[in-house]
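Open the model in your viewer and keep the selection tool ready. The stops below say what to pick and what is there.

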Amino acid sequence: MDGKIIDGKEISRQIKEEVKQEVEQLKAEGCTPGLAVILVGNDPASASYVGSKERTVQALGMHSEVIRMDEATSEAKLLGEIRRLNDDPAIHGILVQLPLPDQIDEQRIISEIAPEKDVDGFHPVNAGKLMAGLPGFVPCTPLGIMVMLERSGVVLEGKHAVVVGRSNIVGKPMSMLLLQKNATVTVCHSRTADLPSITKQADILVAAVGREGMIGGEHVKEGAVVIDVGINRGTDGKLHGDVDFDAVLPIASKITPVPGGVGPMTIAMLMANTLESARNACRQNG
Ligand SMILES: Nc1nc2c(c(=O)[nH]1)N[C@@H](CN(C=O)c1ccc(C(=O)N[C@@H](CCC(=O)O)C(=O)O)cc1)CN2
């Protein structure tokens with residue numbers, strides 16, 4: 001049964017090790033990759049993810065800058081910080097931790113980040129490049145899922161991939177990446193009629209809905225690969241995915257757990273994107 005479980009912790013460890021070695025090489029050429037992370041407010045989960053990003057950046061030998069701003073921060077003040085970081089040559093990646101407090105327009109903020117430093121891949125320029133099949137930064141969670149699938153030997157060409165969720169961060173970029181690998185892609189969402197009849201056709205099922213245990217055995221075809229993007233804090237205080245793991249495990253050929261599946265890949269791919277950004281910048285200037 002265990003061979004079915006895709007170990008995101010282990011794959012993310014490998015990616016981070018690879019990034020660390022490449023950082024050392026780049027530093028030897030006089031270029032230290034730098035990541036700036038901005039956290040606005042006191043959301044405990046966001047604070048924990050930012051702490052984890054900071055520790056990982058440092059562990060991989062990169063330069064880290066974390067800017068913590070209070071909950072009442074104005075949009076203008078946040079925009080000012082982003083402009084400063086856009087102009088800072090020591091910073092190759094800029095990330096604003098989401099979600100942001102209500103007084104701040106998320107899209108306005110994302111659009112202010114220089115596209116060449118947008119290691120989250122959320123800027124409209126990078127989203128457009130992904131759509132057009134051009135090189136650019138790809139959002140870390142779907143990018144991490146592609147790496148997990150590849151390193152687990154999952155073939156995508158000619159397969160039916162069903163993505164449940166249409167967010168700009170996961171669902172939409174995920175569907176583009178699967179399409180690039182010649183999968184036949186269906187995107188489902190909250191208004192999809194008779195969801196199980198569609199998800200049951202999936203060879204690869206990606207659940208990114210944000211509702212605990214929403215995907216049950218009745219949604220899954222025998223032998224499907226099931227990727228769970230959900231991170232829902234349950235009433236028991238524990239993390240739960242969008243997939244009812246116990247119900248789906250006997251049906252799936254491969255499945256990602258929560259925790260320890262997609263989540264750790266998000267931070268590993270952020271490190272890979274920051275390295276790539278530094279490489280691009282340093283090559284251009286040297
Ligand atoms: N600017 C961004 N904001 C947010 C992103 C993002 O990619 N960019 N994604 C999420 C949060 N996130 C990173 O920021 C993130 C979520 C989860 C994990 C993770 O490793 N999860 C672990 C469990 C951790 C725990 O115990 O709490 C797992 O699933 O095993 C990493 C990063 C929203 N905001």
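Which elements do the buried residues of α3 pack against? They pack against β1, β2, β3 and α4.

Before moving on, some ground rules. Residue numbers start from 1 along each chain, following the sequence as written. This is a predicted model, in which local features need pLDDT of at least 70, side-chain atom pairs count only at pLDDT 80 or more, and totals for chains, interfaces and linings use all residues. Helices (H or I, at least four residues) and strands (E, at least two) are DSSP runs, numbered from the N terminus.

**Stop 1: helix α3**

Select residues 75-86, helix α3. The expected span of a helix is 1.5 Å times one less than its number of residues. For the 12 residues of α3 that gives 16 Å, and the end C-alpha atoms are 16 Å apart, which agrees.

Now colour Leu-78, Ile-82 and Leu-85, the buried residues of α3. They cover an arc of only 60° around the axis, so they sit on the same side of α3. (The arc is that of the directions from the helix axis to the C-beta atoms.) An α-helix has 3.6 residues a turn, so residues three or four places apart point the same way.

Turn to the face away from the buried side: Ala-76 and Gly-80 are exposed there. A residue is buried if 20 or more other C-beta atoms lie within 10 Å of its own, exposed if 12 or fewer, and partly exposed in between; C-beta atoms are placed from the backbone.

**Stop 2: helix α2**

Go back to residues 44-59, helix α2. Its 16 residues should span 22 Å, and its end C-alpha atoms are 22 Å apart. Select Lys-53, Thr-56 and Val-57, the buried residues of α2. Seen down the axis, they fall within an arc of 100°, so they line one face of the helix.

What do they pack against? Their partners are α1 (8-28), β1 (34-40), β2 (63-69) and α10 (262-285). On the face turned away, find exposed Pro-44, Ser-48, Arg-55, Gln-58 and Ala-59. Gly-61 follows α2, and its phi is positive, near 85°.

**Stop 3: the record's domains**

Select residues 6-120. UniProt lists them, in an unreviewed entry, as "domain: Tetrahydrofolate dehydrogenase/cyclohydrolase catalytic". UniProt positions are in the numbering used here, feature names are shortened, and annotations may be inferred rather than shown by experiment. This span is 49% helix and 16% strand, with end C-alpha atoms 24 Å apart.

Next, take residues 139-280. The unreviewed UniProt entry places "domain: Tetrahydrofolate dehydrogenase/cyclohydrolase NAD(P)-binding" here. The stretch is 35% helix and 17% strand, and its end C-alpha atoms are 18 Å apart.

**Stop 4: a helix pair**

Show α6 (residues 140-151) and α7 (171-180). At what angle do α6 and α7 pack? The angle is about 35°, with the axes 8 Å apart. Axes are lines fitted to C-alpha atoms, for helices over the stretch in contact, and angles run from 0 to 180 degrees between N-to-C directions.

The contact is made by Pro-142, Ile-145 and Met-146 of α6 and Pro-173, Met-174 and Leu-177 of α7. Two residues are in contact if their C-beta atoms, placed from the backbone, lie within 7 Å.

**Stop 5: backbone exceptions**

Most residues other than glycine have a negative phi, and most peptide bonds are trans.

Select Asn-182, in the loop between α7 and β5 (184-188). Its phi is positive, about 65°, although Asn-182 is not a glycine. Asn-182 is exposed, with 12 other C-beta atoms within 10 Å. Leaving aside neighbours within four places in sequence, Asn-182 is in contact with Leu-156, Glu-157 and Gly-158.

Move to Asp-194, in the loop between β5 and α8 (195-199). Here phi is near 50°, again positive in a residue other than glycine. Asp-194 counts as exposed, with 9 C-beta neighbours inside 10 Å.

Pro-99 lies in the loop between β3 (93-96) and α4 (106-112). Another runs from Val-258 to Pro-259, with omega near -5°. End at Pro-259, in the loop between β10 (254-255) and α10.
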